[in-house]
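Here is a briefing for a reader new to this structure. Look over the fold below, then read on by topic.

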Amino acid sequence: IIYNYLWKTDVTILPNTANFRSKQFNMISINKIIAVRAVLMLGVNVLFIDPDVALLADPTPYLYWDNVNYAFSINRICNSNNHAWKFRFYLDEGNTGFYFARSHPKIIQLYSDVIEISKTKTDYDDQTVFWDYYRTIPSAITLSSCDHYYNTTNSTIDQPIVACPLDLCLFTCAVLKYDHTYKNFVNYIRSKDIHPISIHANFMVGTNIKLE
């Protein structure tokens with residue numbers, strides 16, 4: 001599925017594919033959404049992990065919450081300046097490089113809508129298209145943190161999207177490409193005795209720097 005959706009395309013893969021919001025970058029990122037939707041439509045839940053995410057421990061105990069059908073990493077770094085994640089604030093964006101999605105009718109519809117919108121917003125990556133649209137869904141419920149959610153209907157079809165942000169220190173995903181930022185992050189988690197589950201080498205371009 002991944003091969004068919006990421007590479008079976010009329011767009012030639014060029015050396016600048018890794019450049020953020022290049023035509024090739026946007027094409028591949030949207031096709032990730034298409035691939036995930038295909039799996040969801042099979043009735044299978046999805047844990048999506050970008051290849052530049054380093055897993056340090058089993059993430060599954062932090063992903064499954066009653067009646068929550070989308071759990072996502074936050075596009076912010078873990079440090080002493082942490083503030084509550086604000087669902088409607090445009091700078092507080094979930095990251096589409098690490099998330100858990102249930103095979104739920106509303107999630108499948110969400111992905112279908114994002115795919116359609118992306119056809120007219122070719123200058124944008126999947127993450128921007130996804131969150132710009134998600135914020136417009138009035139019925140969407142986004143918890144301040146991941147927990148079980150019981151205020152819902154018995155009908156699966158009528159249930160709203162219920163999403164939650166993963167702990168940003170356990171699932172860090174932000175600008176670690178700067179040496180001082182990475183050192184600050186390491187010093188902070190050590191001072192708080194935090195043991196991250198995953199670290200995303202996000203905002204970095206090039207295999208070598210990501211490996212470092």
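Is Pro 160 buried or exposed? At 16% relative accessibility, Pro 160 counts as buried; buried means under 20% relative accessible area, exposed over 50%, and partly exposed in between, with a 1.4 Å probe and protein chains only.

This is a predicted model, in which local features need pLDDT of at least 70, side-chain atom pairs count only at pLDDT 80 or more, and totals for chains, interfaces and linings use all residues. Residues are numbered from 1 along each chain as its sequence is written, and side-chain values use heavy atoms, with hydrogens and water left out.

**Overall make-up**

- The protein has 6 helices and 8 strands. Helices (H or I, at least four residues) and strands (E, at least two) are DSSP runs, numbered from the N terminus.
- From the N terminus on, the order of elements is α-α-β-β-β-β-α-α-β-β-β-α-β-α.
- The protein has 212 residues, and buried ones make up 48% of them.
- Among contacts with a separation of 6 or more, 71% come from residues 24 or more positions apart. Contact means heavy atoms within 4.5 Å.

**The sheet of 5 strands**

- Five strands form an open sheet in the order β1-β4-β3-β6-β5. Its pairing is mixed. Two strands pair if DSSP finds at least two bridges between them.
- β1 and β5 (141-142) stand at the edges. Each has a single partner strand, so one side of each lacks a neighbour in the sheet.
- β1 (residues 46-49) and β4 (residues 94-101) run antiparallel, joined by 4 bridges. Ile 49 of β1 stands opposite Phe 98 in β4.
- β1 has two faces. Val 46 and Phe 48 make the covered face, while Leu 47 and Ile 49 make the uncovered one.
- β3 (residues 70-74) and β6 (residues 162-165) run parallel, with 3 bridges between them. Ala 71 stands opposite Cys 164 in β6.

**The sheet of 3 strands**

- A second open sheet has the order β2-β8-β7. Here too the pairing is mixed.
- β2 (53-55) and β7 (171-173) stand at the edges. Each has a single partner strand, so one side of each is left without a neighbour in the sheet.
- Neighbouring strands of this sheet are turned by 10 degrees against each other on average, direction ignored.
- β7 and β8 (residues 198-200) run parallel and are joined by 3 bridges. Phe 171 stands opposite Ser 198 in β8.

**Helices α3 and α4**

- Two packed helices are described by the angle between their axes and the distance between the axes.
- α3 (residues 105-118) packs against α4 (residues 126-134) at an angle of about 120 degrees, and their axes are 10 Å apart. Axes are lines fitted to C-alpha atoms, for helices over the stretch in contact, and angles run from 0 to 180 degrees between N-to-C directions.
- That angle makes α3 oblique to α4. Angles under 35 degrees count as roughly parallel, over 145 as roughly antiparallel, 65 to 115 as roughly perpendicular and the rest as oblique.
- On the α3 side, the contact is made by Leu 110, Tyr 111, Asp 113, Val 114, Ile 117 and Ser 118. On the α4 side, Val 129, Phe 130, Tyr 133 and Tyr 134 take part.
- The residues of this contact divide into 8 nonpolar, 1 polar and 1 charged. Ala, Val, Leu, Ile, Met, Phe, Trp, Tyr, Cys and Pro count as nonpolar, Asp, Glu, Lys and Arg as charged, and the others, Gly among them, as polar.
- α4 also lies across β3, β4, β5 and β6. α4 runs at about 70 degrees to β4.

**Loop residues**

- Pro 160 sits in the loop between β5 and β6. The C-alpha atoms of Pro 160 and Ile 137 are separated by 9.8 Å, and the two residues are 23 residues apart along the chain.
- Lys 119 is in the loop between α3 and α4. Lys 119 is exposed, with a relative accessible area of 54%. Its C-alpha atom is separated by 9.4 Å from that of Ile 30, 89 residues apart along the chain.
- Asn 67 is in the loop between β2 and β3. Its phi is near 65 degrees, a positive value in a residue other than glycine. Asn 67 is partly exposed, at 29% relative accessible area.
- Asp 193 is in the loop between α5 (179-191) and β8. Its phi is near 55 degrees, a positive value in a residue other than glycine. Asp 193 is exposed, at 55% relative accessible area.
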